[in-house]
Amino acid sequence: MGEPKDARQGPEGSTPWRPRQPLRAALGAKVLSVADARKAGVGRGSSSNTGLERPFYGVRQVPPKSPPGGNQAPGGLLDEFQGLRFRQRRRILAYVPRLRPGQAFGPRATALLRGLPLPLRLLRDTTVDVIVPQGSCRPKAAGWQARGVPERHFDLQMVNGVPCTPPELLYCLLARDLSEVDLLAVGDALVTEADNYPNCTWFTALSSVGQLVESANRWSPGTGSARLRRVTPMIRAGVESPYETSMRFHLHESGYPELTLQLSIVHNGVELARADGADLEARILYDFDGDGHRVDKRQFRKDVKRP
């Protein structure tokens, strides 16, 4: 006689029985689709738990333990930027289970994941953008939108296991949505190697001036080509914040000469100061003091005493 059949086993040929487990245990800190949760042995009731977030249809996510309070702390606008970036990155990553082969996060989503500078209006936009090859199916759903990219330009790059828009394609695609100064800030950020760049998540330059120039030339006559032709020649390596880019752009637009970036003033082997920009002929230094120069007492005194 054969061994007695386990009462918990299903009929012959059916899926083996699996013990159910709470969805929170299956999720941990991850995001999970409802279909994957069922495969992991999570019951329908657990998937419908009202304590879980539903960022997109068919996706479940455990709420954060202590979400940033936006602008509750002193420093208002800075805290708002940080809170928006945290929430947007979390929402973008919640869409990963719904990505299909051949799709990648679009330029805005990739810029947020990378920590690239974006204007406040795009940080507040909760829509997750995705790119697909032009001519392929562009799925539509609430909370996200797909953009077709010509096949000769389409490419994707894996960033921490997530398909994203490559830096050069990102730069060209953002030309449709950004002003000239904001697009220049993205270009400067892509080629900088400064480890103190705000929200920096990279350890070396993501691209080079030459690569961006080549990509902008290939992009023509695509959407935003005129803006790319105007902005790309102004990209400079060595910029350490988007505010330095803004200062340099507006000085240039006002007729000031090209500035030398990150100029060190040294006397007897001691660095007295390092200016964000310098007009060597007129002997004028330009600095953009961020909020850190105000709230950091040591930095504030150093700025005041500086010759």
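Val239, Glu244, Met247, Arg248, Leu259, Leu261, Asp276 and Gly277 line the second largest cavity of this predicted model. Helix H11 (242–253) and strand E9 each give two or more residues to that lining, and H11 provides the largest share, 3 residues.

A cavity is a set of points on a 1 Å grid, over the protein atoms alone, where a 1.4 Å probe fits but cannot get out, and lining residues have an atom within 4 Å of a point. Helices (H or I, at least four residues) and strands (E, at least two) are DSSP runs, numbered from the N terminus.

The structure holds 2 cavities of 30 Å³ or more, each volume being the space filled by probe spheres set on the grid points, which are joined across faces, edges and corners.

| Cavity | Volume | Top contributor to the lining |
|---|---|---|
| Largest | about 80 Å³ | H5, 3 residues |

Around the largest cavity, helix H4 (76–93), helix H5 (107–114) and strand E4 (128–133) each supply at least two lining residues. Among the residues there are Gln88, Arg108, Leu112 and Val128.

Strand E9 (270–279) also belongs to a sheet: 3 bridges join E9 to E10, and the two run antiparallel. This open sheet has 3 strands in the order E8-E9-E10, where pairing takes at least two DSSP bridges. Its edge strands are E8 (260–267) and E10 (284–286). Ala278 stands opposite Leu285 in E10.

Residues are numbered from 1 along each chain as its sequence is written. Local features need pLDDT of at least 70 and side-chain atom pairs pLDDT 80 or more, while totals for chains, interfaces and linings use all residues, and side-chain values use heavy atoms, without hydrogens and water.

Note on methods
1 Å grid on protein atoms, 1.4 Å probe; cavity = no way out; pocket = protein on both sides within 12 Å on 5 of 7 lines; lining within 4 Å.
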